[in-house]
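Me: I'm new to this one and would like to go through it slowly. Can we look at it together?

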Amino acid sequence: MATAAAAINLTSGLKAERKLEMLFVNTGSGETKAWELLGRGVEDASIDFGHETKQTTDILGITDTEVGPAKPNIELDPNTVRGGQKLSEMILDIERRNAIAELSQFEILDVHCYLGTAAGPYTAELHTGCTIVPKSLGGSTYVGLPLTVYLSNEKTLGTVTIAAGVPTFTATT
């Protein structure tokens, strides 16, 4: 049986600000999680669910639509290399070593701060085995490292509390 959907925790008619949809990447090692918030300097970013659809119309003129599984991804462009960004260090190191398989070993935490209770915990999904692909390196004034993040759909549903900018994930039982 499906669980009840999380309630939108905003005043009726209030629009959810974009900053309330947060993506974190685990830049820690082993059992030690170190969550880095993605999106600094990015002006517009949306998760593209990437559903493939196929429509057929029968002899009665009725159209059926088949929807394939999601292949979610998000473009982070521009993404500027900044001091203190562990993810940029990791991506640049992977590229330098040509260790391409390591691009598909990331954990991504998708937190919806407009779902759940207003002060948290918030509805979230922990995706494992995600892929982060750099698109280029360079730019004009600053060094850009635009990225595409591919969510794996291998996910655990749960909630997140955030204290001092650090998320703590709890799986739903």
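Me: How many bridges join β3 to strand β4, and do they run parallel or antiparallel?
Reply: This is a predicted model, and in it five bridges join β3 to β4, the two strands running antiparallel. Strand β3 covers residues 53-57 and β4 covers residues 63-67.

Me: What stands opposite Thr57 in β4?
Reply: Thr57 faces Thr63 there. The hairpin that these strands form has five residues between them, and within that hairpin Gly61 takes a positive phi near 85°.

Me: Is β3 largely in the open or buried, and why?
Reply: The number of buried residues among the five of strand β3 is zero, so the strand lies largely in the open. Buried here means under 20% relative accessible area.

Me: Switching to pockets, how much space lies in the largest one?
Reply: The largest pocket holds about 340 Å³ of space. Its lining is made up of 16 residues, and those that lie nearest the centre are Arg18, Lys19, Glu21, Leu38 and Gly39.

Me: Which strand gives the most to that lining?
Reply: That is β1, with three residues, while β1 (21-26) and β5 (73-76) each supply at least two.

Me: And what is the lining like by class?
Reply: By class, nine of the lining residues are nonpolar, one is polar and six are charged.

Terms used: Residues numbered from 1 in each chain as written. Predicted model: local features only at pLDDT ≥ 70, side-chain atom pairs only at ≥ 80, totals over all residues. Heavy atoms only, no water. Buried < 20%, exposed > 50% of the residue type's maximum accessible area, 1.4 Å probe, protein only. Helix = DSSP H or I, 4+ residues; strand = E, 2+ residues; numbered from the N terminus. Pairing = 2+ DSSP bridges. 1 Å grid on protein atoms, 1.4 Å probe; cavity = no way out; pocket = protein on both sides within 12 Å on 5 of 7 lines; lining within 4 Å. Points joined across faces, edges and corners; volume = space filled by probe spheres on them. Nonpolar A, V, L, I, M, F, W, Y, C, P; charged D, E, K, R; others polar.
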